[in-house]
Amino acid sequence: AGIAAGGWLVEYIGVQSDLLFGAYQYTPVLGVSVYDVPLMMAVNWLMLVYGVGGIVQRLSIPLVGRILIGGALMLLVDVGLEQFAITHELWVWENDTVPLKNYLAWFFISCLFLWQLLVSSTVSSNPLALPLILLQVLFFYGGWLAGIW
């Protein structure tokens, strides 16, 4: 619940201030919104952090390494997600360009959420975590690279 609420909150701060991710606005495509942020974004953050957390928690390396690798995986997903979102008008960026600060913020916020998840020991060994993330990467990148999106 904390990650879902935190995910919605960072999106709210991002939309209202442009400080975190850059200047962007959501369109009605993602459904019900509260203060201009679709509730689906809370679900998105939770699903991605939990999935990536389930992958990196299995690694036999120090916590910091798992968090950084998880942040990199989250960033990898976001790069593909941004292309899909732009093409399908889920959100709109100022000047139709995703700013670098979006990717930097996504990485650091992801690391924060992953730290929260991994130190709380609420992530379990979920055999669906890796397939879930791989399917998302395949979906976002596959369509983009194949020219479908």
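Predicted model: local features only at pLDDT ≥ 70, side-chain atom pairs only at ≥ 80, totals over all residues.

Visitor: How many cavities of 30 Å³ or more does a search of the whole structure find?

Guide: Rolling a probe the size of a water molecule over the atoms shows where empty space is left. On a 1 Å grid over the protein atoms alone, a cavity is a set of points where a 1.4 Å probe fits but cannot get out, and lining residues have an atom within 4 Å of a point. Here the search finds one cavity of 30 Å³ or more. The largest cavity has a volume of about 90 Å³, a volume being the space filled by probe spheres set on the points, which are joined across faces, edges and corners. Its lining includes E11, D78, E82 and W106. Helix α3 gives the largest share of that lining, three residues.

Visitor: Which residues line the largest pocket?

Guide: A pocket is an open set of points with protein on both sides within 12 Å along at least five of seven lines. The largest pocket, with a volume of about 160 Å³, is lined by L30, M40, M41, V43, N44, M47, L81, L90, W91, Q136 and F140. Five of these residues come from α2, the largest share. The lining divides into nine nonpolar, two polar and no charged residues; Ala, Val, Leu, Ile, Met, Phe, Trp, Tyr, Cys and Pro count as nonpolar, Asp, Glu, Lys and Arg as charged, and the others, Gly among them, as polar.

Visitor: Is L118 buried or exposed?

Guide: Buried means under 20% relative accessible area, exposed over 50%, and partly exposed in between (1.4 Å probe, protein chains only). L118 has a relative accessible area of 11% and is therefore buried. This residue is found in helix α4, residues 100-120; helices (H or I, at least four residues) and strands (E, at least two) are DSSP runs, numbered from the N terminus.

Visitor: What is the nearest side chain of opposite charge to R66?

Guide: A salt bridge is a side-chain nitrogen of Lys or Arg within 4 Å of a carboxyl oxygen of Asp or Glu. Lys and Arg count as positive and Asp and Glu as negative, while His and the chain ends are not counted. R66 is buried yet has no salt bridge, and the nearest side chain of opposite charge, D78, is 23 Å away.

Key: Residues numbered from 1 in each chain as written. Heavy atoms only, no water.
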